[in-house]
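Biologist: I would like to learn how to read a structure like this one. Please show it first, and then I will ask about its features.

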Amino acid sequence: MKDSAKLGRGVMAIPHLLADGGEIGALMRAKSWSDTLLGPPETWPEALKMAVSICLNSRFPISLWWGPELVMLYNDAWRPILGKTKHPAALGRPGIESWPEIWDIIGPQFTSVLTRGEATWSDDLLLVVERNNYREEAYFTYSYSPIRHSDGSIGGVFALDLLIRRPEL
């Protein structure tokens, strides 16, 4: 049966890419994706579906940033990086809306990945973030890599992130 096949009385099948994934997987299954820039999961490009499946089933902190708007998706392990104030609103929203305080740093890194197709690497980078109702210094090690469509074009960014430490200001 296809992901988008009807089941009984107008109930749609849950796309198998969202079948797992703990708390975030459950939020993704409950989310009205039609109201987002991504649209319904059954219409997502295959590259995004594969990346989401890998993300949700990983125990390592992973975030995905899709399309020119860099719409954010992430897994349970990445959720603490958002702190208490950015989750769950960040799910399915453009990244700049959730991270305006550091966009001058991470935005150009994303642009580089999307335009040049080369991965980035930041080691123990200090970012001053506001994710728990106050500004805090947080040190991150992360890599941004291109997510390619089958034709080689770049659809988004795959991010492996690790919060090293977070001393308060």
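Biologist: Which residues line the largest cavity?

Modeller: First, a caution: this is a predicted model, in which local features need pLDDT of at least 70, side-chain atom pairs count only at pLDDT 80 or more, and totals for chains, interfaces and linings use all residues. Residues are numbered from 1 along each chain as its sequence is written, and side-chain values use heavy atoms, with hydrogens and water left out. On a 1 Å grid over the protein atoms alone, a cavity is a set of points where a 1.4 Å probe fits but cannot get out, and lining residues have an atom within 4 Å of a point. Here the lining is Trp-65, Trp-78, Ile-81, Trp-99, Ile-102, Ile-106, Leu-127, Phe-140, Tyr-142, Tyr-144 and Asp-161.

Biologist: What is the volume of the largest cavity?

Modeller: A volume is the space filled by probe spheres set on the points, and grid points are joined across faces, edges and corners. For the largest cavity this gives about 100 Å³. The structure holds one cavity of 30 Å³ or more.

Biologist: Which element gives the largest share of the lining?

Modeller: Strand 6 does, with three residues. Helices (H or I, at least four residues) and strands (E, at least two) are DSSP runs, numbered from the N terminus. The protein chain has five helices and seven strands, in the order β-β-α-α-β-β-α-α-α-β-β-β.

Biologist: Is Thr-120 buried or exposed?

Modeller: Buried means under 20% relative accessible area, exposed over 50%, and partly exposed in between (1.4 Å probe, protein chains only). Thr-120 counts as buried because its relative accessible area is 15%. Thr-120 belongs to strand 5, residues 120-130. Leu-160, in strand 7 (residues 154-165), has a value of 35% and is therefore partly exposed.

Biologist: What does Thr-120 touch?

Modeller: Contact means heavy atoms within 4.5 Å. Leaving out residues up to four places away in sequence, Thr-120 touches Gln-109, Val-113, Tyr-142, Ser-143 and Tyr-144.

Biologist: Which residues of helix 2 are buried?

Modeller: An α-helix has 3.6 residues a turn, so residues three or four places apart point the same way. In helix 2, residues 46-56, the buried ones are Ala-47, Leu-48, Lys-49, Ala-51, Val-52, Cys-55 and Leu-56. They pack against helix 1 (22-30), strand 3 (62-66), strand 4 (71-74) and strand 6 (135-148).

Biologist: How much of the protein chain counts as buried?

Modeller: Of its 169 residues, 47% do.

Key. 1 Å grid on protein atoms, 1.4 Å probe; cavity = no way out; pocket = protein on both sides within 12 Å on 5 of 7 lines; lining within 4 Å.
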